[in-house]
Amino acid sequence: MSYGRRSGRSSSSPSSSSSSSSPSSPSSPSSLSFDELLAEGVAVPTEGWDFSWFAGRATEARPSWGYARAVAGRLGGAAEAVLDVQTGGGEVLGFALDEAGRAAPEKRRPALVVATEGWAPNVAKAAGFLRERGGFLVASADGPLPFADGVFDLVVSRHPVKAHWREIARVLRPGGGYFAQHVGPRSAHELVEHFLGPQPDEQSDARHPERERRDAEAAGLEVVDLRAERLRMEFYDIAAVVHFLRKVVWMVPDFTVEAYLPHLRALHERIGTEGVFVAHSSRHLFDVRKP
């Protein structure tokens, strides 16, 4: 998840702002009622991956590696054909392209820049956003990649639903790389379990970085670097929780205000008493190479 502006800040969740950029007075009571806050959370558009609406409402610390800027560094290198898998609204890739151009204006950007996205509200947004930067968007659901073998020398992804390692290996050229930030095990589990109750261990294990490492290696890829961090998230009102669950739909897949009204009311009262609801996101960074 990326609080704050996912337009390049490397983080992930509501408002990918760093832990040091909390609202100036998060404990001050809201002037809005519970029902008004619910309505506000429902009314905010969910298209794209810009989390700037959460400013002053929620925060999430950012991983130390600075994913979007790190991608920019790779785009400013020798990459000639780049694929961004599950690009969202195209904000991270767009930021990285812009940043690479500013950092090394004398270098030519990659000759081929392509992204995939399968969520309908994001497709049109990402297509326009990337077109302005000389890139292309392919509407494609999560699964097999609609490209020939050995097309790309760099594949990137920020928070893929699932890393399809054999497909990644297939579309990479020999010597090419996969550079991605993944959501790790038990991410925001405090929030998820408030609504769904305790979750089975196997659900968390599916995203465990060591399990993903083994899957990558089984696909014939070499893991050059793997880092993991757990990061503090804070929600300051129930509107932020509602908007977050509507935007990051895999957290509570059947979420609606009506279905979870008692849970929302209980969490609203808890925030009113404690001033903040704290959860923790989990992120890991993969730097992978195809021999």
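Here are some exercises on this predicted model, each with a worked solution.

A word on ground rules: residues are numbered from 1 along each chain as its sequence is written. Local features need pLDDT of at least 70 and side-chain atom pairs count only at pLDDT 80 or more, while totals for chains, interfaces and linings use all residues, and side-chain values use heavy atoms, with hydrogens and water left out.

**Exercise 1. Find which residues have the most contacts inside the largest nonpolar core, and which elements give two or more residues to this core.**

Step 1: A nonpolar core is a set of buried Ala, Val, Leu, Ile, Met, Phe, Trp, Tyr and Cys residues joined through side-chain atoms within 4.5 Å. Buried means under 20% relative accessible area, exposed is over 50%, and partly exposed sits in between (1.4 Å probe, protein chains only).

Step 2: look at the core itself. It has 31 residues, and Phe195 and Leu264 have the most contacts inside it.

Step 3: list the contributors. Two or more residues come from each of α1 (34–43), α6 (189–196), β7 (222–235), α9 (238–247), α10 (261–274) and β8 (277–289). The largest share, seven residues, is from α9. These helices (H or I, at least four residues) and strands (E, at least two) are DSSP runs, numbered from the N terminus.

Step 4: zoom in on Phe195. Leaving out residues up to four places away in sequence, Phe195 touches Val241, Leu245, Val252, Phe255, Tyr260, His263, Leu264 and Leu267; contact here means heavy atoms within 4.5 Å.

Step 5: A second, separate core has 24 residues, including Ala68, Ala100, Leu130 and Phe179.

**Exercise 2. Work out which residues of α1 are buried, and what covers them.**

Step 1: pick out the buried ones: Phe34, Leu37, Leu38 and Gly41.

Step 2: see how they are arranged. They lie on the same side of α1, because they cover an arc of only 100° around the axis, taken from the directions from the helix axis to the C-beta atoms.

Step 3: check the cover. It includes α9 and α10.

**Exercise 3. Take the salt bridges Arg170 to Glu167 and Arg289 to Glu222, and say where the partners sit.**

Step 1: define the pair type. A salt bridge is a side-chain nitrogen of Lys or Arg within 4 Å of a carboxyl oxygen of Asp or Glu. The structure holds 18 of them.

Step 2: start with Arg170 and Glu167, at 2.9 Å, N to O. They are three residues apart in helix α5 (residues 165–171), so about one helical turn separates them. Arg170 is partly exposed at 23% relative accessibility, whereas Glu167 is buried at 18%.

Step 3: move to Arg289 and Glu222, at 3.4 Å, N to O. This pair links distant parts of the chain: Arg289 is in strand β8 and Glu222 in strand β7, 67 residues apart. Arg289 is partly exposed at 35%, and Glu222 is partly exposed at 38%.
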